[in-house]
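This report describes a predicted model of a protein chain.

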Amino acid sequence: MKEGAFELRCWASNDSKEDQDKQMVLGLSWDVISDELSCKLPSNIDCTQGKPVTKRVLLSVINSVYDPIGFTAPALLLPKLLMQEAWRGKIGWDEVLPVELEHKYRLWERTMHFMSKCAISRRLFAENYDDFTVHIFTDASAYAYAACAFLRCEFKGQVTVKLMAAKARLAPMKKSTIPRLELLGATLGARLAETVDSILRTTSKTYFCYRKILRMTAYVLRFCNNIKRNSPKLVNSLSCEEIQKAEETLIKIMQSEWPSEIREKYKDTIQFTRKRAS
């Protein structure tokens with residue numbers, strides 16, 4: 001703390017001798033007894049009950065929830081979608097939202113108190129572990145795309161899995177295809193994996209779903225094919241030929257990263273691809 005020029009003024013502990021059972025840590029509520037983190041409900045949500053819902057109110061509610069980890073991202077997706085619909089409808093900042101949008105907001109508002117009950121463990125690693133891996137999941141729909149990272153620890157046959165971080169983004173207002181949104185989700189997952197690895201500061205194994213990587217590679221190869229002139233444009237679902245070509249591409253990439261000792265050992269049994277001269 002001293003090296004970073006942070007003057008330590010107060011401290012908190014999860015010792016049972018402490019009087020307070022909850023503390024505020026970096027904007028999050030910390031239950032010192034259960035050692036869990038949760039989000040504090042914004043006070044302005046109660047102020048919107050019974051009052052007209054405008055675009056300004058939506059923005060205020062969305063920005064009042066502080067969640068750097070992202071475990072409340074699914075709960076905040078609906079008001080963000082309503083905000084996007086308001087922009088699409090060219091509604092003014094102080095104009096009352098249409099009845100349909102206001103009805104959706106009121107339904108979401110009634111369930112917002114459950115967000116404070118959503119808690120995750122403050123401690124990521126188990127007290128003892130033999131090995132750990134980081135698993136990244138990504139997904140996309142016509143409305144949004146997201147990525148999340150989980151830490152999986154093993155110790156004597158027992159496994160614990162904990163959420164590390166999550167990110168969610170709305171789909172662009174200009175209509176995009178599902179393959180493009182899938183690629184955006186994969187990009188978000190790759191950036192999240194890079195951030196997680198830099199925070200852990202250890203050599204960790206990071207896993208993505210192989211089928212997801214295969215599909216993403218096939219979509220990228222399709223895009224490269226479609227931008228070429230005089231080439232047949234590929235649309236709709238991925239074909240078996242595209243999946244096979246993507247798998248061959250992944251194998252070539254993995255082979256190119258093998259150490260020279262392994263390549264020399266198996267040069268007579270495996271046909272390696274030659275690197276192109278730059």
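## Helix H3

Helix H3 comprises 16 residues and reaches 22 Å from its first C-alpha to its last, close to the 22 Å expected at 1.5 Å a residue. Its buried residues are Ala-73, Leu-76, Pro-79, Leu-81, Leu-82, Met-83, Gln-84 and Ala-86. The cover over these buried residues includes helix H2 (55-64), H4 and S7.

Just after H3, Lys-90 adopts a positive phi of about 55 degrees. For context, most residues other than glycine have a negative phi.

## Packing of H3 against H4

H3 spans residues 73-88 and H4 spans residues 99-110; the axes of the two helices come within 10 Å and cross at roughly 165 degrees. Because angles over 145 degrees count as roughly antiparallel, H3 and H4 are roughly antiparallel to each other. Their crossing is left-handed.

On the H3 side, the contact involves Ala-75, Leu-76, Leu-78, Pro-79, Leu-82, Glu-85 and Ala-86, which meet Leu-101, Lys-104, Tyr-105 and Trp-108 in H4. By class, the residues of this contact divide into 9 nonpolar, no polar and 2 charged. Leu-76, Pro-79, Leu-82 and Ala-86 of H3 are among the residues in this contact, and these four are also among the buried residues of the helix.

## Helix H5 and its surroundings

Helix H5 (residues 178-200) contains 23 residues, and the distance from its first C-alpha to its last is 33 Å, close to the 33 Å expected at 1.5 Å a residue. Buried positions in H5 are Leu-181, Glu-182, Gly-185, Ala-186, Leu-188, Gly-189, Leu-192, Ala-193, Val-196 and Leu-200. Arg-201 follows the helix and has a positive phi, near 55 degrees.

Arg-191 also lies in H5, but this residue is exposed, with a relative accessible area of 57%. Arg-191 and Ala-147 are separated by 44 residues in sequence, and their C-alpha atoms are 9.5 Å apart in space.

## Thr-138 in strand S5

Thr-138 belongs to strand S5 (residues 131-140). With a relative accessible area of 12%, Thr-138 is buried. Leaving aside residues up to four places away in sequence, Thr-138 touches Ala-146, Ala-147, Gly-185, Ala-186, Gly-189 and Lys-212.

## Packing of H6 against H7

The axes of H6 and helix H7 (residues 240-256) come within 8 Å and cross at roughly 105 degrees. Since angles of 65 to 115 degrees count as roughly perpendicular, H6 is roughly perpendicular to H7. The contact has 8 nonpolar, 2 polar and 4 charged residues. H6 contributes Tyr-210, Ile-213, Leu-214, Thr-217, Ala-218, Leu-221 and Arg-222, which meet Glu-242, Ile-243, Lys-245, Ala-246, Glu-247, Thr-249 and Leu-250 in H7.

Thr-217 is placed in helix H6 (residues 210-226) and is buried, with a relative accessible area of 15%. Not counting residues up to four places away in sequence, Thr-217 touches Ala-246, Thr-249 and Leu-250.

## Positive phi in two loops

Asp-35 is located in the loop between strand S2 (28-31) and strand S3 (36-38). Its phi is near 60 degrees, a positive value in a residue other than glycine. As buried means under 20% relative accessible area, Asp-35 counts as buried at 15%.

Lys-156 occupies the loop between strand S6 (144-155) and strand S7 (158-170). Although Lys-156 is not a glycine, its phi is positive, at about 50 degrees. Lys-156 is exposed, with a relative accessible area of 70%, whereas Asp-35 is buried.

## The chain as a whole

The protein chain contains 8 helices and 8 strands. Of its 278 residues, 31% count as buried. Among contacts between residues at least 6 apart in sequence, 58% join residues at least 24 apart.

Conventions: Residues numbered from 1 in each chain as written. Predicted model: local features only at pLDDT ≥ 70, side-chain atom pairs only at ≥ 80, totals over all residues. Heavy atoms only, no water. Axes fitted to C-alpha atoms, helices over the stretch in contact; angles between N-to-C directions. Parallel < 35°, antiparallel > 145°, perpendicular 65-115°, else oblique. Left-handed = near helix turned anticlockwise from the far one by under 90°. Contact = heavy atoms within 4.5 Å. Nonpolar A, V, L, I, M, F, W, Y, C, P; charged D, E, K, R; others polar. Expected span 1.5 Å × (residues − 1). Buried < 20%, exposed > 50% of the residue type's maximum accessible area, 1.4 Å probe, protein only.
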